[in-house]
Amino acid sequence: MKEKNNSLSKFKKYGSVLLIFVLSLYAFEIDDKFGMVAWVIAIIFSGLMLFKQRYLDKSSEKLDEHNLIRKYENFLFKIVKSKGKRTLVIVMSTIVFFISLSAIPLGIIDLETFPQEEANNFTIAIETPKGYLLEDTKEIVNEFEELLFQYDEIESYNTDIGSLADNEASITVELVDEKLRDKKTSEIVNELLIDIKIIPGAKARISEQRQQGMNGDPIKIGLRGENLDELKEYANIYLDILEDIDGVRNPYSDASAGLRQVRININKEKAANLGLNTYSISNDLRNSLNGTKLGVYKGESDEIDIVGYVNNERINSIKDFEKIHFTNQMGELVNFTDVCNISYEDGVSEINHEDLDRVVYIQSQTYQGANTKNIIEEFNEKTNEINLPEGIKRYDGGEMENLNDMVSDMVRSLVIALMLVYIVLALQFNSLSQPIVILVSVPLAFIGVVAGLIITNNPLGTYAMMGAIALVGIAVNDAIVLIDFANYLRKNGKDKYVAITEAVRTRFMPVLATSLTTMGGVLPLALKNPTFEQMAYVIIFGLFASTVLTLFVIPNVYIISDNITGVFKKKTGMFND
């Protein structure tokens, strides 16, 4: 019977280890394959289970009575009893917290809005010179299509010509599945950008599919003012600087030249001497170019405007302007060349307005892996010495504008989350001081957040900030368990020093277990999903730091807070719990 029980015990023991190994292996499979990560994690988890059974379970003591936990309790008791050591712990924790926060302004951790995902399609926007007909644009687009046939990674494409203008077209390219090709989308786009440079007569820009919330180019710099010539001048200067910065792709400005324009200059003095004025000249010019509407011919199914022209022939070239004659107040004919001359100038491709001011944009995409914030900072360094004339103002849009809005929104959300947690804790503990002690675990968690982002080489983005806000509600759980049990022990007559250290010993394993289960729950997200990995790492490292430091720092904060509130109770009556 005894041998049978021993066999059953061994089966349970090694069966549980095998079960942990198999479950871990399947939990961390990627693309239905057991990769190196899955094998390593399965070995670690099953090894921990085996270690627990062989060494920890052999002891007749409970886990919270284990020798190591007892030693930690005695060590912690000596620290919380010493005023100098308590103060040192708080000071060192505060210093580490501020050092962690400094990693963001120092540029150790990059900022971004959304992570760059691997897109499975992209769009080629093609623009031929202003004035090109639909047939001319189509010929150039055919050259782009012939180039696309050379890429095996392209599954299909759809071409759209002339939807917006005769000189504009777009090609939407669909790639084969990511698993079936060796090159990333960014690599294909980079090669294509080099190849399309040899196609003459067109400007082309390639835009990869962007994440939700990311509209337009990541880099967008606006110059606002009234003087269009000055705006164009400084926009071109900014564009030249932006082109030389690493990570910048497809920079352009909407101040680029548009159609060549003809300007008719009127000599007002000569016109006045010959009995003409600006209004009569411009009216005659308009009639010569567009004709005068005399009436409408109504057919059976349509209507046709009847237009009359002053001259025998229409104006089809610049030289034809010499045919135009103006009629002065005396009824005499005056030749065009007697009062007018022609000059040429470049037009602007488009003129944008914002708050009644003219705006010129300098825009750019970025290569995969390039950080927009770093590019803008380098651009700012190179343009610091450029003094914009009076009346021209610069502002940053694009991803930088989104980034600033995101940071302000997340900070606001973080403050609201802290306030809500404080209110709930104040109601739960019927105290105004102890919720503050519990909330100290939040900055302790942020130490782990910063360390985790640095270790995993992740930027601080939207998803990471979401994880940090979630930590406000998660990280306080360990401190709640400790403080609640310490209060219970004190109500039963225990000294505050004994109560808080005994609470750490008694709740050591439950605190560890709840934290490990939470971290284990988001670990697959960190290893299998590149989009949300920064959020998962923030929760894992933040919770790890919060758990470890809560078992060490919170007891010291608890004693210091209790001493301070005790003094206030006696002198002012405040913090009466």
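Arg490 belongs to helix α15 (residues 462–491) and Asp562 to helix α18 (residues 533–571), so the pair ties together parts that are 72 residues apart in sequence. Arg490 itself is partly exposed, at a relative accessible area of 29%.

Before I continue, some conventions. This is a predicted model, in which local features need pLDDT of at least 70 and side-chain atom pairs count only at pLDDT 80 or more, while totals for chains, interfaces and linings use all residues. Residues are numbered from 1 along each chain as its sequence is written, and side-chain values use heavy atoms, with hydrogens and water left out.

As to terms, a salt bridge is a side-chain nitrogen of Lys or Arg within 4 Å of a carboxyl oxygen of Asp or Glu. Helices are DSSP runs (H or I, at least four residues), numbered from the N terminus. Buried means under 20% relative accessible area, exposed means over 50%, and partly exposed lies in between, for a 1.4 Å probe and protein chains only.

By this rule, the count comes to nine salt bridges. Two further examples lie within single helices. Lys382 is partly exposed at 40% relative accessibility, and Glu378 is partly exposed at 30%.

In helix α12 (residues 398–429), Arg412 and Asp409 are three residues apart, and so are separated by about one helical turn. Their salt bridge has its closest N and O atoms 3.0 Å apart. Arg412 is partly exposed at 48% relative accessibility, as is Asp409 at 37%.

Salt bridges also link Arg70, Glu73, Lys494, Glu502 and Arg505 in a network.

I turn now to the surface. Leu18, Val22, Tyr26, Phe34, Trp39 and Ile43 form a nonpolar patch there, with about 590 Å² of accessible area together. The elements giving two or more residues to this patch are α1 (2–27) and α2 (36–56). Helix α1 supplies the largest share, three residues, while Ile43 is placed in helix α2. Such a patch joins nonpolar side chains (Val, Leu, Ile, Met, Phe, Trp, Tyr) within 5 Å, from residues with over 30% relative accessible area and no salt bridge. The areas come from the Shrake-Rupley method with a 1.4 Å probe, and for residues only the protein chains shown count as cover.

Conventions:
Patch = residues over 30% accessible without salt bridge, like charges linked within 9 Å, V, L, I, M, F, W, Y side chains within 5 Å.
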